[in-house]
Amino acid sequence: MSDGGAGQRSAEGEGRPREANDRDPALLHRQEIHRGRLLRLTVDTAHLPDGSVGQFELVHHAGASAVLPVFGRLDDPDPDILLIEQYRHATGGYIYEVPGGTPSHGDEPWDDVARRELEEETGWRAGRLIPLTWIWTTPGFTTERIYLWLATDLRRGASNLDEDEFVEVVRIPLSRALQWVEEGRIVDAKSIVTLLFACRFMLRANARTE
């Protein structure tokens, strides 16, 4: 599997579901309620598949990238990985996550977002970035998609946290992170998906074939 630009196409996927937007033919009316720094809230009036009409409160989000940093070889049976322990106001405290974040500008490629956020949040750079998949985070009310990546060939960089970011970097074996998922100690959805997807389809697959 390639990295860089080719990987970005794989991560985004082909034939993916169409996102509701201002040009959606099903959309009859869109009322903007709030426009903030990261989010836009609208109330949409739209046709449903059976021809009826419904109203939907929708949070519009630019999307994000999240990345699992892995030390050593992909065929290592239990490599060390990096997580971050980050303060999240919405959760009332700190939670464990994989590094990630939003684009710095509207057309920043998703692989660039992953590389930048990894270094800013952990102080490590990715020598190789492998696309995993992408997910809708909460399709019931938001357009947010997160593109998931695996980072290898790590080398030291320089962290650069935002003023509202409070982060501790945690290096642990992959087996311990999976145990934390099972125990409910890791409860962040994107992080659970990234860990389980990487373990099931990349890391252990490489261990079997290399």
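Helices (H or I, at least four residues) and strands (E, at least two) are DSSP runs, numbered from the N terminus. With that in hand, here's a quick tour: tyrosine 87 sits in strand 5 (residues 80-88), and the protein chain as a whole has 4 helices and 12 strands. Keep in mind that this is a predicted model, where local features need pLDDT of at least 70, side-chain atom pairs count only at pLDDT 80 or more, and totals for chains, interfaces and linings use all residues. Residues are numbered from 1 along each chain as its sequence is written, and side-chain values use heavy atoms, with hydrogens and water left out.

**The chain overall**

- Of the 210 residues in the protein chain, 46% count as buried; buried means under 20% relative accessible area, exposed means over 50%, and partly exposed is in between (1.4 Å probe, protein chains only).
- The protein chain exposes about 11,600 Å², with carbon and sulfur atoms supplying 49% of it; accessible areas come from the Shrake-Rupley method with a 1.4 Å probe, and for residues only the protein chains shown count as cover.
- Take the contacts (heavy atoms within 4.5 Å) in the protein chain with a separation of 6 or more: residues 24 or more positions apart account for 60% of them.

**The nonpolar cores**

- A nonpolar core is a set of buried Ala, Val, Leu, Ile, Met, Phe, Trp, Tyr and Cys residues joined through side-chain atoms within 4.5 Å.
- The largest nonpolar core has 28 residues, and Leu68, Ile81, Leu83, Leu150, Ile186 and Leu195 touch the most other members.
- At least two residues of this core come from each of strand 4 (64-69), strand 5, strand 9 (128-136), strand 10 (145-152), strand 12 (167-173), helix 3 (174-183) and helix 4 (189-209).
- Another core, of 15 residues, lies apart from it, and its members include Phe71, Trp110, Leu118 and Ala126.
- Leucine 83 touches Glu97, Val98, Glu168, Val169, Val170, Ile172, Ala177, Trp180 and Ile186, leaving aside residues up to four places away in sequence.
- As a bit of background, nonpolar side chains tend to be buried together in soluble globular proteins.

- Leu174, Ala177, Leu178, Trp180 and Val181 are the buried residues of helix 3.
- They cover an arc of only 155 degrees around the axis, so they end up on the same side of helix 3; the arc is that of the directions from the helix axis to the C-beta atoms.
- Glu182 and Glu183 are exposed on the other side of helix 3.

**Salt bridges**

- A salt bridge here is a side-chain nitrogen of Lys or Arg within 4 Å of a carboxyl oxygen of Asp or Glu, and a search of the whole structure turns up 13 of them.
- One of them joins aspartate 44 to arginine 30, with the closest N and O atoms 2.5 Å apart.
- Aspartate 44 is in strand 2 and arginine 30 in strand 1 (residues 27-35), so this pair ties together parts that are 14 residues apart in sequence.
- Aspartate 44 and arginine 30 are both buried.
- Arginine 116 meets glutamate 108 in a salt bridge (2.9 Å, N to O), and glutamate 108 counts as buried at 9% relative accessibility.
- Arginine 116 also meets glutamate 120 in a salt bridge (3.4 Å, N to O); these two both lie in helix 2 (residues 110-122), 4 residues apart, about one turn of the helix.
- Arg88, Glu97, Asp188 and Lys190 are linked in a network of salt bridges.

**A surface patch and some loops**

- Tyr87, Tyr94 and Phe166 make a nonpolar surface patch of about 330 Å²; patches are made of residues with over 30% relative accessible area and no salt bridge, with like charges joined within 9 Å and nonpolar side chains (Val, Leu, Ile, Met, Phe, Trp, Tyr) within 5 Å.
- Tyrosine 87 is partly exposed, with a relative accessible area of 35%.
- Aspartate 153, in the loop between strand 10 and strand 11 (155-156), has a positive phi of about 50 degrees although it is not a glycine.
- Glycine 157 lies in the loop between strand 11 and strand 12 and touches Glu119, Gly123, Trp124 and Arg125, not counting residues up to four places away in sequence.
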